[in-house]
Amino acid sequence: MLLKIALLFPGIVLTFWVSAICGGGASLILIPLLSLLLPASLIPFSLTLGTFASAASRIVVFRKHVNTRIFFWFIPFSIPAVLLGAWLIKFINPLYLQFGVALFLLFNIPQLLQSGKELQKGEKPYPNYMLALVGFLCGFVSGVIGAVGLLFNRFYLRYGLSKEEIIATRAANEVYLHVIKLVVYTSLDLYSEAALSLGLLIALAAVVSSFSIKFILPLISNFVFRKAGYGAMVASGFIMLFSTSSHIIEQDNLNFISQNKGYENEVAISWRNSHFVLEYDVKDGKFGIEWPVGYEDLPQDLKRYFDELKDQYDKILLEKVFRFQGVSSYEFYCYKNDALTRIDFKSVLTAR
């Protein structure tokens, strides 16, 4: 155990240094690591404990640089949102929200390629209603996955704040959220001894990082600071996309099977207990989606047709085909003595 701590601690300190230089993101960088050590539902507790210590210590170090306008519009809307997000974690899978966060982070690739002048042109203070909306979204996402640093870093960078203001204002906005989340997670039993131990380790590393980064930050220009911020968002997006995709595939049995049927190219997708097919008709140039349906889902005319066929076959499977262009249809897969007969209804009145 001591060996693990000795190996993890310097890496976590370095992560929070990178987080400060990039304008945030230590938590999102740590999610893939923690996912190897903890269940997905316990990761938010450990992250929140560590990021609370980081935010509190950064406020102490950079307290003179807090932007009070952002702070007073952010907090009132983020607090109820974090309660909602923490409550919903009981009912939704955080992996899918993490997957969405990863895609959102990748949208910052254009900013990563812009020059200094182009970045400055896009910087301007937002109206108050935008501050309120960002506060609500930040609180909600933070309540579900326990980390939003890099996700909303784009907001701070485009607001035109200095390096110190970004670090201080983010910390002031988030410290209250972390306290609320810790209370909610504890009340919902979303923690464990292992999650607490990892959280305390992250917290100690965060404090060390906050008090040492003030000697590093003056050596970095505003342009490099902003480029590092966008670069970290894109890098974390790729990391989270790979990590969450692999976990979703493993957890929910997500599979893809491609096959060619004459004029039709099909990709069969199975997810959890569901199965559907993406179909492309080369001849017609049209896309469609097939999914299983039950007898009760059939139109009345097809129910009568099914009743006539059911005694002639051993088994009949039913599918509905939704066409992006054209009329939707139904397909009967009729089995008798291991032989398949497919009946395709282009409409409720016509069978082929």
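This is a predicted model: local features need pLDDT of at least 70, side-chain atom pairs count only at pLDDT 80 or more; totals for chains, interfaces and linings use all residues.
**View 1. A salt bridge joins Arg342 and Glu331.** A salt bridge here means a side-chain nitrogen of Lys or Arg within 4 Å of a carboxyl oxygen of Asp or Glu. Arg342 lies in strand E7 and Glu331 in strand E6, so the pair ties together parts 11 residues apart in sequence. Arg342 is partly exposed at 30% relative accessible area, whereas Glu331 is buried at 0%. Buried means under 20%, exposed over 50%, partly exposed in between (1.4 Å probe, protein chains only).

**View 2. Strands E6 and E7 run antiparallel.** Seven bridges join E6 (residues 329-336) to E7 (residues 339-345); pairing requires at least two DSSP bridges. Strands are DSSP runs of E, at least two residues, and helices runs of H or I, at least four, numbered from the N terminus. Phe332 stands opposite Ile343 in E7. Two residues lie between the strands of this hairpin, where Asn337 takes a positive phi near 55°.

View 3. Asp301 is partly exposed at 28%, and so is Arg304 at 46%.

**View 4. Lys310 forms a salt bridge with Asp307.** The closest N and O atoms are 4.0 Å apart. Lys310 is partly exposed at 43%; Asp307 is partly exposed at 32%.

Residues are numbered from 1 along each chain as its sequence is written. Local features need pLDDT of at least 70 and side-chain atom pairs 80 or more, while totals for chains, interfaces and linings use all residues, and side-chain values use heavy atoms, without hydrogens or water.
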